[in-house]
Amino acid sequence: MARSVPVPAFFQDLVGDFSEKLKMPTAFVNHFNGSALCKLRGPSGKCWDVILEEENNDIFFHKGWNKFVKDNFLEEGHILVFNYDGNSWFNVTIYDKSASEMDMEAAKIRRSTGDLDGQGRDYVMPGETRFRIIEFKSEHLCFKRTMEKHRLYQLTIPIIIVRAKGLISKRTIELRDPSNRSWPVKVTRVEDGRLLMNRGWRACSKWNQIKKGHTIVFEFVKGHVKLHIVRAEGCDVILTGPNVVD
(Lines give C-alpha, C1' and ligand atoms only; values in the text may rest on other atoms or scores of the structure.)
Protein backbone atom coordinates (compact mmCIF):
# COMPACT_ATOMS: atom_id res chain seq x y z
CA MET A 1 0.00 0.00 0.00
CA ALA A 2 1.39 3.39 -0.95
CA ARG A 3 2.16 5.62 1.98
CA SER A 4 1.60 9.37 2.02
CA VAL A 5 4.73 11.45 1.59
CA PRO A 6 5.51 13.41 4.77
CA VAL A 7 5.64 17.18 4.62
CA PRO A 8 8.51 18.15 6.95
CA ALA A 9 8.55 21.90 6.34
CA PHE A 10 6.60 24.91 5.10
CA PHE A 11 7.18 28.65 4.75
CA GLN A 12 4.98 31.65 5.41
CA ASP A 13 5.24 35.28 4.25
CA LEU A 14 4.27 37.72 7.00
CA VAL A 15 1.63 40.04 5.58
CA GLY A 16 -1.35 41.86 7.03
CA ASP A 17 -2.18 41.49 10.72
CA PHE A 18 0.00 38.50 11.60
CA SER A 19 0.84 39.57 15.15
CA GLU A 20 -1.98 37.67 16.90
CA LYS A 21 -2.16 34.46 14.89
CA LEU A 22 -0.70 32.75 11.83
CA LYS A 23 -2.43 30.23 9.58
CA MET A 24 -0.81 26.85 9.06
CA PRO A 25 -0.94 25.80 5.36
CA THR A 26 -3.71 23.34 4.62
CA ALA A 27 -1.33 21.00 2.79
CA PHE A 28 0.76 20.73 5.94
CA VAL A 29 -2.25 20.32 8.25
CA ASN A 30 -3.25 17.21 6.30
CA HIS A 31 0.01 15.57 7.38
CA PHE A 32 0.27 17.03 10.88
CA ASN A 33 -0.49 14.59 13.68
CA GLY A 34 0.87 16.50 16.67
CA SER A 35 -0.93 17.94 19.67
CA ALA A 36 -2.51 21.37 20.06
CA LEU A 37 0.46 22.53 22.14
CA CYS A 38 3.44 23.27 19.87
CA LYS A 39 7.03 24.17 20.60
CA LEU A 40 8.66 26.75 18.35
CA ARG A 41 12.45 26.89 18.48
CA GLY A 42 13.75 30.24 17.22
CA PRO A 43 17.15 31.13 15.72
CA SER A 44 18.56 31.80 19.21
CA GLY A 45 17.75 28.26 20.32
CA LYS A 46 15.12 29.51 22.76
CA CYS A 47 11.73 27.78 22.67
CA TRP A 48 8.22 29.21 22.86
CA ASP A 49 4.99 27.38 23.70
CA VAL A 50 2.25 28.15 21.18
CA ILE A 51 -1.24 26.68 21.16
CA LEU A 52 -2.96 25.76 17.89
CA GLU A 53 -6.53 26.89 17.37
CA GLU A 54 -9.08 25.71 14.80
CA GLU A 55 -11.21 28.33 13.06
CA ASN A 56 -13.46 27.65 10.04
CA ASN A 57 -11.62 24.39 9.33
CA ASP A 58 -8.26 26.20 9.32
CA ILE A 59 -5.50 25.79 11.92
CA PHE A 60 -3.72 28.81 13.40
CA PHE A 61 -0.75 29.34 15.68
CA HIS A 62 -2.55 31.43 18.29
CA LYS A 63 -2.04 31.65 22.06
CA GLY A 64 1.65 32.37 22.64
CA TRP A 65 2.25 33.37 19.01
CA ASN A 66 2.29 37.10 19.78
CA LYS A 67 5.15 36.63 22.25
CA PHE A 68 7.10 34.74 19.58
CA VAL A 69 6.51 37.67 17.20
CA LYS A 70 7.69 40.26 19.71
CA ASP A 71 10.69 38.32 21.00
CA ASN A 72 11.97 37.64 17.48
CA PHE A 73 11.40 41.19 16.13
CA LEU A 74 9.12 39.97 13.32
CA GLU A 75 7.85 42.51 10.80
CA GLU A 76 5.73 42.55 7.67
CA GLY A 77 7.77 41.26 4.74
CA HIS A 78 9.73 38.70 6.73
CA ILE A 79 9.62 35.05 5.67
CA LEU A 80 9.47 32.19 8.16
CA VAL A 81 10.49 28.61 7.40
CA PHE A 82 9.04 25.99 9.75
CA ASN A 83 10.95 22.71 9.85
CA TYR A 84 8.92 20.03 11.62
CA ASP A 85 10.81 17.68 13.94
CA GLY A 86 7.76 15.63 14.93
CA ASN A 87 5.97 15.58 18.30
CA SER A 88 4.74 19.15 17.68
CA TRP A 89 8.25 20.65 17.57
CA PHE A 90 9.15 23.23 14.91
CA ASN A 91 12.53 24.80 14.18
CA VAL A 92 11.86 28.27 12.78
CA THR A 93 14.29 30.11 10.49
CA ILE A 94 13.64 33.82 9.88
CA TYR A 95 14.51 35.68 6.68
CA ASP A 96 14.41 39.46 6.50
CA LYS A 97 13.03 41.70 3.75
CA SER A 98 16.14 41.12 1.62
CA ALA A 99 15.46 37.35 1.76
CA SER A 100 18.65 36.85 3.81
CA GLU A 101 18.69 34.95 7.08
CA MET A 102 18.00 37.56 9.73
CA ASP A 103 20.78 38.84 11.98
CA MET A 104 18.99 38.65 15.33
CA GLU A 105 21.52 40.80 17.19
CA ALA A 106 21.25 43.56 14.58
CA ALA A 107 17.45 43.30 14.73
CA LYS A 108 17.57 43.69 18.51
CA ILE A 109 19.75 46.79 18.25
CA ARG A 110 17.55 48.27 15.51
CA ARG A 111 14.44 47.71 17.62
CA SER A 112 16.02 49.30 20.69
CA THR A 113 16.98 52.41 18.72
CA GLY A 114 13.72 52.89 17.10
CA ASP A 115 12.03 50.62 14.55
CA LEU A 116 13.03 53.39 12.14
CA ASP A 117 14.38 53.16 8.62
CA GLY A 118 16.56 56.23 9.13
CA GLN A 119 20.26 56.37 9.88
CA GLY A 120 21.81 57.21 13.24
CA ARG A 121 24.91 59.28 13.92
CA ASP A 122 26.80 59.67 17.20
CA TYR A 123 28.04 63.07 18.36
CA VAL A 124 30.31 63.99 21.28
CA MET A 125 29.86 67.40 22.85
CA PRO A 126 32.37 69.22 25.10
CA GLY A 127 32.63 67.35 28.38
CA GLU A 128 32.35 64.00 26.52
CA THR A 129 28.57 63.92 26.60
CA ARG A 130 27.54 61.56 23.83
CA PHE A 131 24.19 61.74 22.10
CA ARG A 132 22.74 60.09 19.03
CA ILE A 133 20.78 61.59 16.15
CA ILE A 134 18.39 59.36 14.24
CA GLU A 135 17.19 60.73 10.91
CA PHE A 136 13.75 59.61 9.76
CA LYS A 137 12.95 60.21 6.08
CA SER A 138 9.44 60.03 4.69
CA GLU A 139 7.44 61.34 1.77
CA HIS A 140 4.28 61.15 3.89
CA LEU A 141 2.84 63.59 6.37
CA CYS A 142 4.36 62.87 9.76
CA PHE A 143 5.01 64.34 13.17
CA LYS A 144 6.84 63.19 16.29
CA ARG A 145 6.17 63.38 20.00
CA THR A 146 8.43 62.63 22.94
CA MET A 147 6.35 60.81 25.50
CA GLU A 148 5.43 62.50 28.73
CA LYS A 149 3.19 60.87 31.29
CA HIS A 150 -0.03 62.54 30.10
CA ARG A 151 0.73 61.63 26.46
CA LEU A 152 0.56 57.94 27.33
CA TYR A 153 -3.21 58.44 27.82
CA GLN A 154 -4.12 61.22 25.39
CA LEU A 155 -2.24 62.79 22.50
CA THR A 156 -3.13 65.47 19.95
CA ILE A 157 -2.75 65.44 16.16
CA PRO A 158 -1.52 68.81 14.76
CA ILE A 159 -4.15 70.93 13.02
CA ILE A 160 -2.08 71.08 9.80
CA ILE A 161 -2.35 67.29 9.45
CA VAL A 162 -6.02 67.29 10.48
CA ARG A 163 -6.82 69.68 7.61
CA ALA A 164 -4.47 68.14 5.05
CA LYS A 165 -5.81 64.61 5.61
CA GLY A 166 -9.45 65.63 5.89
CA LEU A 167 -9.79 64.34 9.45
CA ILE A 168 -12.02 67.11 10.81
CA SER A 169 -15.17 64.96 10.79
CA LYS A 170 -13.43 61.71 11.74
CA ARG A 171 -14.43 59.89 14.90
CA THR A 172 -11.87 57.08 14.70
CA ILE A 173 -8.49 56.55 13.06
CA GLU A 174 -6.46 53.39 12.56
CA LEU A 175 -2.97 53.09 14.02
CA ARG A 176 -0.55 50.35 12.97
CA ASP A 177 2.26 49.44 15.36
CA PRO A 178 5.70 48.13 14.26
CA SER A 179 4.40 44.54 14.15
CA ASN A 180 1.57 45.77 11.86
CA ARG A 181 -1.12 45.19 14.46
CA SER A 182 -4.15 47.42 13.90
CA TRP A 183 -5.48 49.71 16.65
CA PRO A 184 -8.76 51.65 16.19
CA VAL A 185 -8.49 54.87 18.19
CA LYS A 186 -11.26 57.32 19.04
CA VAL A 187 -10.57 60.98 18.26
CA THR A 188 -12.36 64.15 19.38
CA ARG A 189 -11.92 67.69 18.13
CA VAL A 190 -10.58 70.32 20.52
CA GLU A 191 -11.27 74.06 20.33
CA ASP A 192 -8.21 75.00 18.28
CA GLY A 193 -9.00 72.39 15.59
CA ARG A 194 -6.57 69.67 16.65
CA LEU A 195 -7.76 66.10 17.16
CA LEU A 196 -7.30 64.40 20.51
CA MET A 197 -6.56 60.67 20.45
CA ASN A 198 -8.05 59.06 23.54
CA ARG A 199 -9.90 55.73 23.76
CA GLY A 200 -7.72 53.06 22.19
CA TRP A 201 -4.49 55.05 22.33
CA ARG A 202 -3.70 53.99 25.91
CA ALA A 203 -4.23 50.32 25.00
CA CYS A 204 -1.90 50.72 22.02
CA SER A 205 0.83 52.46 24.01
CA LYS A 206 0.59 49.95 26.86
CA TRP A 207 0.70 46.92 24.53
CA ASN A 208 3.76 48.32 22.73
CA GLN A 209 5.44 49.15 26.07
CA ILE A 210 5.70 52.84 25.20
CA LYS A 211 7.05 54.73 28.17
CA LYS A 212 7.93 58.25 29.25
CA GLY A 213 10.98 59.45 27.33
CA HIS A 214 10.34 57.34 24.22
CA THR A 215 9.93 59.22 20.94
CA ILE A 216 7.10 58.23 18.60
CA VAL A 217 6.89 59.15 14.92
CA PHE A 218 3.33 59.17 13.53
CA GLU A 219 3.47 58.61 9.76
CA PHE A 220 0.22 59.13 7.83
CA VAL A 221 0.30 56.57 5.04
CA LYS A 222 -2.66 55.56 2.89
CA GLY A 223 -5.60 54.59 5.07
CA HIS A 224 -3.82 54.45 8.44
CA VAL A 225 -1.16 55.94 10.71
CA LYS A 226 2.07 53.98 11.06
CA LEU A 227 3.88 54.16 14.40
CA HIS A 228 7.68 54.20 14.66
CA ILE A 229 9.03 53.87 18.18
CA VAL A 230 12.41 55.11 19.42
CA ARG A 231 13.10 53.61 22.82
CA ALA A 232 16.80 54.39 23.29
CA GLU A 233 17.76 57.13 25.73
CA GLY A 234 19.94 60.02 24.60
CA CYS A 235 18.55 60.05 21.06
CA ASP A 236 17.26 63.00 19.07
CA VAL A 237 14.96 62.11 16.19
CA ILE A 238 15.13 64.43 13.18
CA LEU A 239 12.30 64.24 10.63
CA THR A 240 13.20 65.02 7.02
CA GLY A 241 10.95 65.17 3.97
CA PRO A 242 8.51 67.44 2.20
CA ASN A 243 5.60 66.83 4.60
CA VAL A 244 7.15 67.06 8.06
CA VAL A 245 5.06 68.82 10.70
CA ASP A 246 6.54 70.14 13.95
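A residue is classed as buried under 20% relative accessible area, as exposed over 50%, and as partly exposed in between. In this predicted model, Glu174, at 24% relative accessibility, therefore counts as partly exposed, and Arg176 is likewise partly exposed at 22%.

The structure holds 10 salt bridges in total. One of them brings together the side chains of Asp58 and Lys23 (3.9 Å, N to O); because Asp58 belongs to strand β5 and Lys23 to strand β2, this pair ties together parts that are 35 residues apart in sequence. A further salt bridge is formed by the side chains of Lys39 and Asp49 at 2.7 Å, N to O, and links strand β3 to strand β4 across 10 residues.

The largest nonpolar core comprises 28 residues, and those with the most contacts inside it include Phe61, Phe82 and Phe90. Strands β2, β3, β4 and β5 and helices α2 and α3 are among the elements that each supply at least two residues of this core. Apart from it lies another core, of 26 residues, among them Leu152, Met197, Phe218 and Ile229.

Seven strands form an open sheet of mixed pairing in the order β10-β15-β16-β12-β13-β14-β11. Strands β10 and β11 stand at the edges with a single partner strand each, so one side of each is left without a neighbour in the sheet. Strand β10 runs antiparallel to β15, to which six bridges join it, and Lys144 has Val217 of β15 as its bridge partner.

Technical notes:
Residues numbered from 1 in each chain as written. Predicted model: local features only at pLDDT ≥ 70, side-chain atom pairs only at ≥ 80, totals over all residues. Heavy atoms only, no water. Core = buried A, V, L, I, M, F, W, Y, C linked by side-chain atoms within 4.5 Å. Buried < 20%, exposed > 50% of the residue type's maximum accessible area, 1.4 Å probe, protein only. Helix = DSSP H or I, 4+ residues; strand = E, 2+ residues; numbered from the N terminus. Pairing = 2+ DSSP bridges. Salt bridge = Lys/Arg side-chain N within 4 Å of Asp/Glu carboxyl O.
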